[in-house]
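Please open the model in a viewer and keep the selection panel at hand. The stops below are given in the order in which they may be selected.

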Amino acid sequence: MTPAANERVSPANVESFINDCLREDLRTYEQQLSRVNAEIMEYVQLKNMVENIQDNAVDGFKTQVNIGGNFFMKAKADHVNRILVDIGLKHFLEFTLEEALKFVDMKVKVLTKQADVIRDKSVETRANIKLALLVIGDQTSLHAGTER
């Protein structure tokens, strides 16, 4: 190996690469995964609510609505055959209950695939960190063996 290549693969440089790049990538993937999982949970809650409305609230229902600052106001929904669903980027679309369930199922599938991709990237980054640590260990043992 050339001296320049030896210097690039020095334990200090590899350790710096692990801490500056790989661990930061891993942290980013974990944050993305957390956001996607939270979004999946919101859609699952929406699905449960829609199913509950279909089964129990044919004539409407009473609820409490957060009007800001955790202040709640009593509300009554008389017509529950259509609901507004946030389809992304704070855009709402009016759906029938059946259409809302189909949309939620589709959205959960898409988000699950996104989560799988992020999880795969996270696993790959963890493997790269382990590989880099093995390189450091091998180089340290090689240097210790040649200095004797």
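This is a predicted model: local features need pLDDT of at least 70, side-chain atom pairs count only at pLDDT 80 or more; totals for chains, interfaces and linings use all residues.

Residues are numbered from 1 along each chain as its sequence is written, and side-chain values use heavy atoms, with hydrogens and water left out.

**Largest pocket**

Select Glu 39, Glu 42, Tyr 43, Gln 45, Leu 46, Leu 84, Val 85, Asp 86, Gly 88, Leu 89, Lys 90 and Phe 92, which line the largest pocket. A pocket is here an open set of points on a 1 Å grid over the protein atoms alone, where a 1.4 Å probe fits, with protein on both sides within 12 Å along at least five of seven lines; lining residues have an atom within 4 Å of a point. The space in the largest pocket is about 330 Å³, a volume being the space filled by probe spheres set on the points. The elements that contribute two or more residues to this lining are α2 (11-56) and β3 (82-88); helices (H or I, at least four residues) and strands (E, at least two) are DSSP runs numbered from the N terminus. The most, five residues, come from α2.

**Loop between β3 and β4**

Next select Leu 89, in the loop between β3 and β4 (91-96). Its phi is near 55 degrees, a positive value in a residue other than glycine. Lys 90, in the loop between β3 and β4, also has a positive phi, of about 60 degrees. Most residues other than glycine have a negative phi. Leu 89 counts as exposed because its relative accessibility is 79%, and Lys 90 counts as exposed at 67% (buried is under 20% relative accessible area, exposed over 50%, partly exposed in between, with a 1.4 Å probe and protein chains only).

**Second largest pocket**

Which residues line the second largest pocket? Select Leu 46, Met 49, Ile 53, Phe 61, Ala 77, His 79, Val 80, Arg 82, Ile 83 and Leu 84 to display the lining. The volume of this second largest pocket is about 220 Å³.

**Surface patch**

Finally, select Val 65, Ile 67, Phe 71 and Met 73, a nonpolar surface patch with about 420 Å² of accessible area together (Shrake-Rupley method, 1.4 Å probe). Patch residues have over 30% relative accessible area and no salt bridge, and nonpolar side chains are joined within 5 Å; a salt bridge is a side-chain nitrogen of Lys or Arg within 4 Å of a carboxyl oxygen of Asp or Glu. Val 65 lies in strand β1 (residues 61-66) and, at 38% relative accessibility, counts as partly exposed.

Methods:
Patches are made of residues with over 30% relative accessible area and no salt bridge: like charges are joined within 9 Å, nonpolar side chains (Val, Leu, Ile, Met, Phe, Trp, Tyr) within 5 Å.
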